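Let's take a walk through a protein model. Keep the 3D view open and follow along as the parts come up.

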Amino acid sequence: MSLSQPFNPKVHPQAGVFDPNVFEGSLMDPTENPEQANQIVRELTSPDVPLMPSLPSDKMFLPGGYVDQDGELHQEAHIREINGADEEAMARELRNPNVSVAKVVDLLLKRCVLEVGPHRATPQILGEMLAGDRASMMLAIRVLTFGSDWEVEEFPCRLCGKNFGTVVELDSIGEKRMDNPRVQEIDVRLRNNHTATVALLDGASQMAMIGDGNRTGPEEISIAIDRCLKRYDGKPVPLNGIAQTLSMADRRAISTAMSEAQPGPKMEEVMVTCTECGQEASYSISLLDLFR
Ligand SMILES: [Zn+2]
């Protein structure tokens, strides 16, 4: 419409020009027919400005699974690629001297996981998810964003000591799946025939363990045990403080059993072949390294 043309409100206006007469007749009161009114507003305001294409997203399989409040198990998560805002937030966190894998995972999952089963991925739900499922989602987001190849310029061979350049195929990393994902507790045999029933570590407990990032290993283990130990010899345990009363050996047994039972990518045993000496060895790779 040229500026010299007289404005005629009876003629359907082009997008973005408000026509005061559109609410006439059957559409007099938008509160009476909100759906129709919405449709009109949508048409009027549908801008010529292009919408940004939405980022590629994908569904992924959870090696454990999320058991919701109704007791239903969900093993599918909907994730999306990392965008510029996520990248900035992650870079800020990576610069933190007390950076930890769990913290960066937490940050990215809150941004890039859209749904868990039919549920919107709220911080609450993500916090209730198993640590191993969270690692799996993090890895899947990495692969969705950059592809499966992880190029490393200087990989240190632990057999010959030389550095070599390599491409690790992230798809080939093994994954431990739970036999019975509905049961997310394990029984741990302790000394003197005692038994501890322990819930597997979830995201919220992981974050509680880390705290400000200055805790010692044993302090972290105490927090994990206090949060996850559900029963001792079948009897409910008091919520806090039990971890410090347990023997060091029992604490170790519990924390070992807890980490062995976690599902998820086997980041501790990634097989890489050295191009210098030709030998294959298993390496422990941090999820954070995949994003640096
Ligand atoms: Zn080598």
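What follows is a tour that starts with the whole chain and then moves from one part to the next.

First, a word on what you are looking at: this is a predicted model, where local features need pLDDT of at least 70, side-chain atom pairs count only at pLDDT 80 or more, and totals for chains, interfaces and linings use all residues. Residues are numbered from 1 along each chain as its sequence is written.

The protein has nine helices and 14 strands. Both kinds of element are DSSP runs, numbered from the N terminus: a helix is H or I with at least four residues, and a strand is E with at least two. Of the 292 residues, 24% count as buried. Buried here means that 20 or more other C-beta atoms lie within 10 Å of the residue's own; with 12 or fewer a residue is exposed, in between it is partly exposed, and the C-beta atoms are placed from the backbone. Contacts give another overall view: two residues are in contact if their C-beta atoms, placed from the backbone, lie within 7 Å. Among contacts in the protein with a separation of 6 or more, 63% are between residues 24 or more positions apart.

Now find the open sheet of four strands, in the order S1-S2-S3-S4, with antiparallel pairing. At its edges are S1 (57–67) and S4 (119–120), each of which pairs on one side only. Two strands count as paired if DSSP finds at least two bridges between them. In general, strands of a sheet pair through backbone hydrogen bonds, either parallel or antiparallel. S3 (residues 113–116) is joined to S4 by two bridges, and these strands run antiparallel.

Axes are lines fitted to C-alpha atoms, for helices over the stretch in contact, and angles run from 0 to 180 degrees between N-to-C directions. H5 has 16 residues and reaches 23 Å from its first C-alpha to its last, close to the 22 Å expected at 1.5 Å a residue. That expected span is 1.5 Å times one less than the number of residues. H5 is also mostly covered, with 13 of its 16 residues buried. Just after H5 comes Gly147, which takes a positive phi of about 90 degrees.

H5 has a helix partner too. The axes of H3 (residues 101–112) and H5 come within 10 Å and cross at roughly 65 degrees. That makes H3 roughly perpendicular to H5; the scale calls angles under 35 degrees roughly parallel, over 145 roughly antiparallel, 65 to 115 roughly perpendicular, and the rest oblique. Where do they meet? On the H3 side are Val105, Leu108, Leu109 and Cys112, and on the H5 side are Arg134, Ala135, Met137, Met138 and Ile141.

Ile221, Ala224, Ile225 and Cys228 in H7 meet Arg251, Ile254, Ser255 and Met258 in H9.

Next, turn to strand S10 (residues 229–232). It pairs with S9 (residues 195–199) in the antiparallel sense over three bridges, and with S11 (residues 235–236), also antiparallel, over two bridges. Tyr232 is a handy landmark: it stands opposite Ala196, and opposite Lys235 in S11. The hairpin of S10 and S11 has two residues between the strands.

Most residues other than glycine have a negative phi, and most peptide bonds are trans. Asp233, in the loop between S10 and S11, has a positive phi of about 50 degrees although it is not a glycine. Asp233 counts as exposed, with 11 C-beta neighbours inside 10 Å. Asn193 also has a positive phi, near 60 degrees. It lies in the loop between S8 (185–189) and S9, and is exposed, with 7 other C-beta atoms within 10 Å.

The last stop is another hairpin. S13 (residues 270–273) and S14 (residues 280–283) pair in the antiparallel sense over four bridges, and Val270 has Tyr283 in S14 as its bridge partner. Six residues lie between the two strands, and in this hairpin Gly278 takes a positive phi near 75 degrees.
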